[in-house]
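Here is a short note to read alongside the structure. Take the points in order and find each residue as you go.

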Amino acid sequence: MKLRIKWKQAILVFIALTVAFVALEAIAWLRPKPRLEVGRDTTWLSGPLDANGNVDYDAAWRADRSAGVTSENNAAPLVYAVLGFELSTFTAEERSSAPKIDQPIQAFDEWAQSHGDQFAKPADPKGYSVDEALQALKSGDLHGQQERALATWFASIEPSLAVVQDAAGRERFYAADGAPRSEQSKSYWTFVEIAKALAFRAHRRANSGDLDAACTDLCTLLRFARLVRSMGGYLHCLVGTSCESCLCEVFSSISTEHAPLPGAFVRRLFESRDTSPLDQTIDTWLASDRISGLHVFEYLCQHDFEAFRVLSRLDPNRFNHRMSEWADRVAAAWTDSRGWAARLQAYDALAREVKDLRLPHSVTPSVLFILRGPAATADWLGDYFGSRRVIYTIHVKEFLEDFGNEDRLLVESSAAAFAKQFGRDPESSDELTPFVFPTPFRDRLFGSAVSFRRDEKHALVATGPLVEMLARIDDLRHPPK
């Protein structure tokens, strides 16, 4: 009897929710669609506007990024060809100059999975072949069949990497479909596969003793990551940083196995690294977060939430105000006058707050918020997608960590080469000019020189604010239990 009552109650609740949903949708469609109040507190950018009076972010992005781009200096069509991307958005001249690639570059993970039987451990034939293949590649401990399979993969991507090396020597990276709303821009994470291939080949070349060729690959990787970041916006910053993060592990391994590295090796990396001011890069990143509110709102209405057309009648001003509140807090953290430690502390607090929101990760629970009315739904969406933006911006920590570790590895490798040649330790990085660095070394986080000491293993290690901040970032990423 009780079970029958519960079923009846459930049916009545379902009917009530359905009726409420239909009623709200009908009301929403009967009232005039609210217009966005174009202004800095909701959109950051004030134009250009589309036919509906909303900011056309794609047009704004293209106008900002296309200036000065020519078929000779644009690396994008070359990289698109390597990845097998669509080239229709490029000019006829750019398309004609793009190389003909018979086979787009194959991701290492995809290749390793197709050769899993050759790398899985005998005791665990169903083991994760990608990890096994990666470890075999890094160690160089390969038997005949594995070596032949790996050599075949490297041979297949050789033409593509040659094109990437050419592209990395160019000054600009612009593709019209790389604007924020593009579907193809979501494929930009594939760029990381190019960086992995360069890093893996550098490791393989170093294992075979060809340090000069290994250095060429790492220099190409650095320039390629810089080009991706130059597109502007948080997505491109994240992808470019992920590309560059492929370098640190390989560089650390090579510098350990071949210590001390020749000064010329480190000099070439130093000259290839991104020297753009970090403040300027992150300011661009934060601004792109700020302008994304309306863009996200429109995307939801057109794609993710097509079943809930009521969303198209939500108040975009409420939604964007909520997005802007998050963006303001992030920007305030970045401009904190107390310095890097305070900035990182603020990011950590934001990360905890977002986690404490316990927002749903699926679309289904949003029905309950829709039933509360359009205004409540707009607030919920502002929280939900505003928090996603905060999470993206918190990746600034990883961005800083990659740059900081790269600087630390460069200067420590240079110090080791100095000590070997002169029989004494350098007191600071200023002594490494012009022995290794053509210009005085300054780390990109503080703009300062670095001092050195010997650790418990008698290895030369950097000291000072740079290392202290890297430790702080590591603490934030791996808090004590």
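1. The lining of the second largest pocket contains 11 nonpolar, five polar and five charged residues. Keep in mind that this is a predicted model. The volume of this pocket is about 440 Å³. In total, 21 residues line the pocket, and E412, S413, A459, L460 and V461 are the closest to its centre.

2. Which elements give two or more residues to the lining of this pocket? They are helix 11 (234-257), helix 19 (396-422), strand 1 (451-454) and strand 2 (460-463). Helix 19 provides the largest share, with six residues.

3. Helix 19 also packs against helix 12 (residues 263-272). Their axes come within 9 Å and cross at roughly 155°. Angles over 145 degrees count as roughly antiparallel, so helix 12 and helix 19 are roughly antiparallel to each other. Their crossing is left-handed. From helix 12, the contact uses G263, V266, L269 and F270. From helix 19, L410, S413, S414 and A417 take part. By class, this contact has five nonpolar residues, three polar and no charged ones. Look again at S413: it belongs to this contact, and it is also among the residues closest to the centre of the second largest pocket.

4. Helix 12 has another partner, helix 10 (residues 211-229). Here the angle is about 15°, and the axes are 9 Å apart. Angles under 35 degrees count as roughly parallel, so helix 10 and helix 12 are roughly parallel to each other. The crossing of this pair is right-handed. Helix 10 brings L211, D212, C215, T216, L218, C219, L222 and R223. These meet F265, R268, L269 and S272 of helix 12. The contact divides into seven nonpolar, two polar and three charged residues.

5. Now turn to helix 8 (residues 144-168) and helix 9 (residues 191-207). They pack at an angle of about 120°, with axes 10 Å apart. That angle makes helix 8 oblique to helix 9. The crossing is left-handed. On the helix 8 side, the contact is made by E147, L150, A151, W153, F154, I157, E158, L161 and V164. On the helix 9 side, the residues are I194, A197, L198, F200, R201, R204 and R205. How do these residues divide by class? There are 11 nonpolar, no polar and five charged.

6. Check the backbone too. Most peptide bonds are trans, and most residues other than glycine have a negative phi. A cis peptide bond joins A259 and P260, with omega about -10°. P260 sits in the loop between helix 11 and helix 12. Another cis bond joins T433 and P434, where omega is about 5°. P434 is in the loop between helix 19 and strand 1.

7. Is the phi of H458 positive or negative? It is positive, near 65°, and H458 is not a glycine. Find H458 in the loop between strand 1 and strand 2. Both of these strands give two or more residues to the lining of the second largest pocket.

Notes: Residues numbered from 1 in each chain as written. Predicted model: local features only at pLDDT ≥ 70, side-chain atom pairs only at ≥ 80, totals over all residues. Heavy atoms only, no water. Axes fitted to C-alpha atoms, helices over the stretch in contact; angles between N-to-C directions. Helix = DSSP H or I, 4+ residues; strand = E, 2+ residues; numbered from the N terminus. Parallel < 35°, antiparallel > 145°, perpendicular 65-115°, else oblique. Left-handed = near helix turned anticlockwise from the far one by under 90°. Contact = heavy atoms within 4.5 Å. Nonpolar A, V, L, I, M, F, W, Y, C, P; charged D, E, K, R; others polar. 1 Å grid on protein atoms, 1.4 Å probe; cavity = no way out; pocket = protein on both sides within 12 Å on 5 of 7 lines; lining within 4 Å. Points joined across faces, edges and corners; volume = space filled by probe spheres on them.
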